[in-house]
Amino acid sequence: LHMPSAAKQKGNAWERDVAKDLSETFNENFIRVPNSGAYTGGANVFRIDQLTEQQRRMMDGDIMVPPCLSRYKIECKNYKAFDFHQLFNENKTLDKWIKQAEFGLLWFLVIKVTRKGSFILFRKEISKHFSYKNYLSYKDKYVITDYKEFWQENADAIRRLNEDSTIEL
C-alpha cells in the first residue's frame, strides 16, 4: 500500500478545508478534484486533449466548482514556509504557483502558510469587483489579501462575476 507523502497529505487536507469553507460560504457543493494534479498534470498532460470542455474545466485546479462558480479555477497551496520578503522583487515560488493557477481572468490561488495564515491571490483586473481591507500588490498584476475575510465579504460579487458574460476569459 502506497501512502502519500506528508507534504501531499498536508496539501490534501488544505484542499478539503477550502472545499468545506466554500461549500459553507456559497451554500453549494465544492469538492477536491480527485487525485488533484495527478490526472492531467506532468506526464499525464496528454489526457487533456481527450477531455470535453466541461470535463477539462472540472479537472482543472484543485477544487471542483459547482455551477455558481463554473467559470472559476481554484488552485490551493499549503506550505511550511513562504518568503514574504521576496514579494518586493521576485518570488520564484509564487511565480510558479501563479503559472499553475492562471486561467483567463477568473481564478484564485489560495495559499496557507503554516503558523502564518491563509491568503488569496487573484488578478488585479478583477479586483474592482471585490471589497477587501489590507492587501499587497504583487508585480502590479496581482492582489494578495486575507483568505477568510475575502470569501465572507465577496461571495455575492464572486457569483455576479461568474454570471457576467461580458468578462472575457
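Within helix H1 (residues 6-26), Glu24 and Lys20 are four residues apart and therefore separated by about one helical turn; helices here are DSSP runs of H or I with at least four residues, strands are runs of E with at least two, and both are numbered from the N terminus. These two side chains form a salt bridge whose closest N and O atoms are 3.3 Å apart, a salt bridge being a side-chain nitrogen of Lys or Arg within 4 Å of a carboxyl oxygen of Asp or Glu. Glu24 counts as exposed, at 55% relative accessibility, where exposed means over 50% relative accessible area, buried under 20% and partly exposed in between, for a 1.4 Å probe and protein chains only. The structure is a predicted model, in which local features need pLDDT of at least 70 and side-chain atom pairs count only at pLDDT 80 or more, whereas totals for chains, interfaces and linings use all residues. Residues are numbered from 1 along each chain as its sequence is written, and side-chain values use heavy atoms, with hydrogens and water left out.

Side chains of opposite charge can pair when their charged atoms come close. A search of the whole structure finds ten salt bridges, among them one between Glu15 and Arg32, with the closest N and O atoms 2.8 Å apart. Because Glu15 lies in helix H1 and Arg32 in strand S1 (residues 31-32), this pair ties together parts that are 17 residues apart in sequence. Glu15 is buried, with a relative accessible area of 5%. A further salt bridge joins Glu102 to Arg123, the closest N and O atoms being 3.0 Å apart. That pair links distant parts of the chain, with Glu102 in the loop between H3 and S4 and Arg123 in strand S5 (residues 117-123), 21 residues apart. Glu102 is partly exposed at 34% relative accessibility, while Arg123 is buried, with a relative accessible area of 13%. Through salt bridges that share partners, Glu102, Arg123 and Glu125 are joined into one network.

Since Tyr79 lies in strand S3 (residues 73-79) and Trp97 in helix H3 (residues 92-101), the pair ties together parts that are 18 residues apart in sequence. Tyr79 is partly exposed at 37% relative accessibility, whereas Trp97 is buried, with a relative accessible area of 1%. Tyr132 and Tyr135 form an edge-to-face pair, 5.2 Å centre to centre and with 85 degrees between the planes. Both residues are partly exposed, Tyr132 with a relative accessible area of 22% and Tyr135 at 48%. Tyr132 and Tyr135 also belong to one aromatic cluster, whose members include Trp14, Phe26, Phe108, Phe130 and Trp151.

In soluble globular proteins, nonpolar side chains tend to be buried together.

Arg71, in the loop between strand S2 (63-64) and S3, is likewise buried, with a relative accessible area of 17%. The C-alpha atoms of Arg71 and Leu106 are separated by 6.5 Å, although these residues are 35 residues apart along the chain.

Notes: Rings of Phe, Tyr and Trp (its six-membered ring) pair if their centres lie within 6.5 Å; planes under 30 degrees apart count as stacked, over 60 as edge-to-face and the rest as tilted.
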